[in-house]
Amino acid sequence: MSSLQNLYQQVILDHAKHPHGHGLVDVPSGHLAGESHQVNTTCGDEVTLRVDVRSTDDGATLERVSWEGQGCSISQASASVMTELVTGQDLREVERLDAAFHALMGSRGKGLDDEEVLDALGDGTAFTGVSQYPARIKCALLGWAALKDSLARSGALADRPGGSDD
Ligand code: ZN
């Protein structure tokens, strides 16, 4: 195993051991709240995730992501890394990060060659090696699926100004 792979593995293990955003937190009144429970049956991973969205003049900001879960270290670490990446971002940026991570997971182990995107993904790039294993990709995407569903349930995506492409 190369040292780079070791480094990646260490990032994943660290996040699995000390997950960011772990433990569901109440959403203050006046903010939009959404919650989603996602299960990856092939591996036995579970994530319950809650979003706290604050409307702003020019859109909406993802104030906080909190979650509970159990399962393999890839699923739990990925939810942790995702929480770090998306917290405090406006929803357009959250969408971009979601697309970037999905692109990375679709790269079959090759990774992405866009420096700017890799920079934005931060610790998320530690999952590059995971994209070689279709069964583990589901683990890595579980938290992201819960995030997307939570945002949809919160209603934050529907009333976003400029959110439509037509
Ligand atoms: Zn798993």
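Predicted model: local features only at pLDDT ≥ 70, side-chain atom pairs only at ≥ 80, totals over all residues.
**A walk from the aromatic cluster to the zinc site**

Residues are numbered from 1 along each chain as its sequence is written, and side-chain values use heavy atoms, with hydrogens and water left out.

Let us start with the rings. Two aromatic pairs are counted here, where rings of Phe, Tyr and Trp (its six-membered ring) pair if their centres lie within 6.5 Å, with planes under 30 degrees apart called stacked, over 60 edge-to-face and the rest tilted. Helices here are DSSP runs of H or I with at least four residues, strands are runs of E with at least two, and both are numbered from the N terminus.

Phe-101 also pairs with Trp-144, this time stacked, at 5.2 Å centre to centre and 15° between the planes. Here too the pair links distant parts of the chain, with Phe-101 in helix α3 and Trp-144 in helix α5, 43 residues apart. Trp-144 counts as buried because its relative accessibility is 1%. Together, Phe-101, Phe-127 and Trp-144 make one aromatic cluster.

Which residues does Ser-78 contact, leaving aside its neighbours within four places in sequence? They are Phe-101, Phe-127, Ala-140 and Trp-144, where contact means heavy atoms within 4.5 Å. Ser-78 belongs to helix α2 (residues 73-86), and it is buried, at 1% relative accessibility.

Now step back to the largest nonpolar core, which has 39 residues; Leu-49, Leu-62, Val-86, Phe-101, Met-105, Phe-127 and Leu-147 touch the most other members. Such a core is a set of buried Ala, Val, Leu, Ile, Met, Phe, Trp, Tyr and Cys residues joined through side-chain atoms within 4.5 Å. Two or more residues each come from α1 (3-17), β2 (45-56), β3 (59-70), α2, α3 (91-105) and α5 (134-154). The largest share, nine residues, is given by α5.

The strands β2 and β3 deserve a look as well. They pair in the antiparallel sense over 11 bridges (strands pair if DSSP finds at least two bridges between them), and a hairpin of two residues joins β2 to β3. Val-53 stands opposite Leu-62 in β3. Beyond four places in sequence, Leu-62 touches residues including Val-51, Val-53, Val-86, Leu-147 and Leu-151.

Finally, turn to the zinc ion. Its protein donors are Cys-43 (SG), Asp-45 (OD), Asp-45 (OD), Cys-72 (SG) and Cys-139 (SG), at 2.1 to 2.8 Å. Donors are N, O and S atoms within 2.8 Å of the metal (3.2 Å for Na, K and Ca), and sites may look incomplete because water is not among the atoms. In sequence, the donor residues follow the spacing C-x1-D-x26-C-x66-C. Cys-72, in the loop between β3 and α2, and Cys-139, in helix α5, are 67 residues apart and link distant parts of the chain. Cys-72 is buried, with a relative accessible area of 15%, and Cys-139 is buried at 0%.

Terms used: Buried < 20%, exposed > 50% of the residue type's maximum accessible area, 1.4 Å probe, protein only.
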